[in-house]
Amino acid sequence: MHSIHKIGKSFWYMTPISLTDRPVLAMVVGENKTLMIDAGNSEDHANYFLNEMKKREISNPEIVVLTHWHWDHIFGLSALTNAVSIASSETKSEMEKLLPFSWTDEAIDERVKEGIEIEFCAKAIKEEFKKHRDIKITLPDMTIEKRAEIDLGGVSCIVQHVGGDHAADSVIVYIKEEKVLFLADCIYAKMYAPKVHYTVQETLRLLDVLESFAAETYILSHQGPISKEEFNKEVAMLRTIAKLTDLCEGNEQKITKEYEHQVNRELTEDEIETITYFVNGF
């Protein structure tokens, strides 16, 4: 089940659900306008969030920002007919590629065979759209190249294209007054590839950009909020493994041994997986 939470005076979010790969949805409520972050993985997902917001006397958004093109963040956009949608120009280009697709089980399975779709997403789409498969790809109304600042009245959002291995079109949303940085999926590994992976240079570049924001709370789309301390730990792990991958020239055993030596303990599942992802991308 989803649950709704509030951070500060203006930021609301709904928790994710892993079975159908529903990511976090968020609302930034200003004195003049309301901005929604991501459109959800279906109209049902988007409408559920809007209804929960209505119960809390928050009106439907005038603006919706799409963080990247992956299905779980955009399939609900067709339900947000009265909102102006904003995305990076790269997100719009990637979404245009989805327009001719059929969403029957057979068509999805065929795209998995061809390497266009991945099994994880195929399974989640079938789970989310069990009763019907009425999927409409709605393109964003406006695009940004690098950065935009949106004043909602008493609270403002910086929307910035940051890229990253997970999706080159990724944007983040920084809610200045709340010191909340909505990372979406940008810090995750690339999944649409023969092997799930991170690359050294792209990871280090992205982390430099993310660390330039004076955030205190970070929102990851498939986990929820983490503190600055937790974010710093994640960054330290990614930086260290990235640099060791370079130093050890992608040798998994050497990286693991060196990292174990540095942290002086047994590695967690997450750390072992992260090392594998960097090796895959080397």
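Student: Is D21 buried or exposed?

Tutor: Buried means under 20% relative accessible area, exposed over 50%, and partly exposed in between, with a 1.4 Å probe and protein chains only. D21 is buried, with a relative accessible area of 7%. This is a predicted model, in which local features need pLDDT of at least 70, side-chain atom pairs count only at pLDDT 80 or more, and totals for chains, interfaces and linings use all residues. Residues are numbered from 1 along each chain as its sequence is written, and side-chain values use heavy atoms, with hydrogens and water left out.

Student: Where is D21 found?

Tutor: Helices (H or I, at least four residues) and strands (E, at least two) are DSSP runs, numbered from the N terminus. D21 sits in the loop between strand 2 (11-14) and strand 3 (25-29).

Student: What is the phi of D21?

Tutor: Most residues other than glycine have a negative phi. D21 is not a glycine, yet its phi is positive, about 55°. N264, also not a glycine, has a positive phi of about 55°. N264 lies in the loop between helix 8 (252-263) and helix 9 (269-281), and N264 is exposed, with a relative accessible area of 70%.

Student: Which residues does T20 touch?

Tutor: Contact means heavy atoms within 4.5 Å. Not counting residues up to four places away in sequence, T20 touches N41, W71, A124, E127 and E128. T20 is in the loop between strand 2 and strand 3 and is buried, with a relative accessible area of 10%. The C-alpha atoms of T20 and N41 are separated by 8.5 Å, and the two residues are 21 apart along the chain.

Student: Which side chain of opposite charge is nearest to R111?

Tutor: Lys and Arg count as positive, Asp and Glu as negative; His and the chain ends are not counted. A salt bridge is a side-chain nitrogen of Lys or Arg within 4 Å of a carboxyl oxygen of Asp or Glu. For R111 the nearest such side chain is E117, 5.1 Å away; R111 is buried yet has no salt bridge. R111 lies in helix 4 (residues 105-114), and its contacts, leaving out residues up to four places away in sequence, are F101, S102, W103, I116 and E117.

Student: What is the strand order in the open sheet of 6 strands?

Tutor: Two strands pair if DSSP finds at least two bridges between them. The order is 8-9-10-11-12-13, with mixed pairing. Strand 8 (147-151) and strand 13 (224-227) are the edge strands, each pairing on one side only. Strand 8 and strand 9 (residues 156-161) pair in the antiparallel sense over 5 bridges, and A148 stands opposite V159 in strand 9.
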